[in-house]
Amino acid sequence: MADPARARKMADRIKVIVAKRIERGLRDPRLGFVTITDVKVTGDLQHASVFYTVYGSAEERADSAAALKAATGMLRSEVGKNITARLTPSLEFIADAIPENAALIDDLLREARERDTQVEEQARTAKYAGDEDPYVKPREYADADDDDDDDDGDDDEAEPAVGLHAEVAAEADSEK
């Protein structure tokens, strides 16, 4: 197995060679606007996968794929002349899905933005299902200030307490 660095260098060199040859032109009218995006070489340097994209319609992509398949032998001999390896790797052309993936991501981002605006609109017009503040608050007891006309005149005694406060007040009176 070859050194991974050597495989990377060979892949870069094959990418340049194939791209230049396609740029100079293949004598195939089916070939469209082809861009070589990446090349992967196996560890034993025997096989190279060439990834490409084609600008245009689905029909132009299919025609370009057929043209590259037909020109594989000629491109392999061009690679063999320009690399310094004992064996020339076989070439396989694979259509890269970068444009389709990019379009899919754009559609997903657009859909997410639309959903965000819908949620934001719903949040602006939302009303509470119950009370605005659903938490239980401690009871507020009304002060019994209307009992100011005491018969005995003792102002030292406190007002009678209600609820839990009554129990605490009763305990305090029993301690005295």
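Reader: What makes Leu91 and Phe93 contacts of Thr72?
Author: Contact means heavy atoms within 4.5 Å. Thr72 touches both Leu91 and Phe93, with residues up to four places away in sequence not counted. This is a predicted model, where local features need pLDDT of at least 70, side-chain atom pairs count only at pLDDT 80 or more, and totals for chains, interfaces and linings use all residues. Residues are numbered from 1 along each chain as its sequence is written, and side-chain values use heavy atoms, leaving out hydrogens and water.

Reader: Why is Thr72 called buried?
Author: Buried means under 20% relative accessible area, exposed over 50%, partly exposed in between (1.4 Å probe, protein chains only). Thr72 has 19%, so Thr72 is buried.

Reader: What polar atom lies 2.9 Å from the backbone oxygen of Leu68?
Author: One in the side chain of Thr72. A polar contact is a pair of N or O atoms within 3.5 Å; within protein, one must be able to donate a hydrogen and the other to accept it, and residues adjacent in sequence count only if both atoms are side-chain atoms. The value for Leu68 and Thr72 is 2.9 Å.

Reader: Where is Thr72 found?
Author: In helix H3, residues 72-82. Helices (H or I, at least four residues) and strands (E, at least two) are DSSP runs, numbered from the N terminus. The protein chain has five helices and three strands, in the order α-β-β-α-α-β-α-α.

Reader: How do you know which strands pair?
Author: Two strands pair if DSSP finds at least two bridges between them. Six bridges join E2 (residues 47-55) to E3, and these strands run parallel.

Reader: What makes E1 and E3 edge strands?
Author: The open sheet has the order E1-E2-E3, with mixed pairing. E1 (33-41) and E3 (90-95) each pair on one side only. Neighbouring strands are turned by 30° on average, direction ignored.

Reader: Which helix packs on the sheet, and at what angle to E2?
Author: H2, residues 58-70, which touches E1, E2 and E3. Its direction makes about 150° with that of E2. Axes are lines fitted to C-alpha atoms, for helices over the stretch in contact, and angles run from 0 to 180 degrees between N-to-C directions.

Reader: Is Leu45 buried or exposed?
Author: Leu45 has 8% relative accessibility, so Leu45 counts as buried. Leu45 is in the loop between E1 and E2. Its phi is positive, about 60°, although Leu45 is not a glycine.
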